[in-house]
Amino acid sequence: MTETACTLTSPTRKAIQVERSGSVLHVRLNPWGDQEDVLGVAVLDDLLLLLDELHERPDIRVLTLSSMGTDFCLGTDRTEYQDSLAADPTGAGLRRIGDKAHRLCQALENTHAVTIARLHGGVIGAGLALASYCDLRAGADTCRFRMPEVGIGLPPAWGGAMGRLVSEAGVSRIRELMLTCEVFDAETAHRLGLLHKIAPLDRLDRVVNSWTRPLVRRSPEALVLTKRMLAGFAKADRTADASLLDSHLLAAHVQHREPAAAAEAR
């Protein structure tokens, strides 16, 4: 049974669509108008608000994250970086955007609900970072992945995801993919552990359902405790985690890069 009369499914949200089915919450990124499949501030705000509300909803046991767009996510909205810097050359606005990304990823990692990423199309940059913070990840066999930041002159500093990706897939391969900006496919993502399962796009929902059905029957206390134990062990590998500096690194780099780019253009 699908329920819509629920605070979590508030119609005031524009950047995401939320639907509840029993104890499962389906969250879909929702590009509108000519908006691309990117993680703009509106998406960050809507997801942060939703995850904050989940603290008061222990009845929500599973959260699935997908997208209504052609792609799951093509990365950040870089035009917002430029607009923010134009409005505030000190870079404070950029740091606020970066801090929101970090808070979102931490909220996704720490929520009591088991989180499942359902991926299709392009899963690029910040889109891969966001998905990496989900507990389980299933992707269409046509997915394509990329970490393009170095190639476009930016540090890979979004949401503190470098530590998470290294923890999930290993430093050697993440180093290679970040430095080369190489496109890789679903099979490669599966071998690395970035995807737990792959399937044809028309069967992807079956894979997600094969996880949600047993999860909602598990003991809520056992699930939450297991999630927190796993998060604790994963974070133990990140004892020197500098992810809180990501927003400063990103803001400083963009702040100094834009004048140089403008000078080159002249």
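Residues are classed as buried under 20% relative accessible area, as exposed over 50%, and as partly exposed in between, with a 1.4 Å probe and protein chains only. The structure is a predicted model, in which local features need pLDDT of at least 70 and side-chain atom pairs count only at pLDDT 80 or more, while totals for chains, interfaces and linings use all residues. Residues are numbered from 1 along each chain as its sequence is written, and side-chain values use heavy atoms, with hydrogens and water left out.

Helices (H or I, at least four residues) and strands (E, at least two) are DSSP runs, numbered from the N terminus. In helix α2 (residues 78–87), the buried residues are Y81, S84 and L85. Seen down the axis of α2, these buried residues fall within an arc of 95 degrees, so they line one face of the helix; the arc is that of the directions from the helix axis to the C-beta atoms. D83, A86 and A87, on the other side of α2, are exposed.

In helix α5 (residues 161–169), the residues A161, R164, L165 and A169 are buried. They cover an arc of only 105 degrees around the axis, which puts them on the same side of α5. The helix is followed by G170, whose phi is positive, near 100 degrees.

The structure holds nine salt bridges. Another of them is formed by D205 and R118, whose closest N and O atoms are 2.7 Å apart. Here too distant parts of the chain are linked: D205 is in helix α8 (residues 204–215) and R118 in strand β5 (residues 114–119), 87 residues apart. D205 counts as partly exposed because its relative accessibility is 44%, whereas R118, at 17%, counts as buried. Salt bridges that share partners join R20, R57 and D59 into one network.

On a 1 Å grid over the protein atoms alone, a pocket is an open set of points where a 1.4 Å probe fits, with protein on both sides within 12 Å along at least five of seven lines, and lining residues have an atom within 4 Å of a point. Of the 16 lining residues, D135, T226, K227, L230 and A231 are the closest to the pocket centre. Helices α5 and α9 (220–236) each supply at least two residues of the lining, and α9 gives the most, with seven. The lining divides into 10 nonpolar, one polar and five charged residues.

Strands β6, β8 and β9 form an open sheet in the order β6-β8-β9, with mixed pairing; two strands pair if DSSP finds at least two bridges between them. The edge strands, each pairing on one side only, are β6 (122–124) and β9 (184–185). Strand β8 (residues 144–146) runs antiparallel to β9 and is joined to β9 by two bridges. F145 stands opposite F184 in β9.

Terms used: Nonpolar A, V, L, I, M, F, W, Y, C, P; charged D, E, K, R; others polar. Salt bridge = Lys/Arg side-chain N within 4 Å of Asp/Glu carboxyl O.
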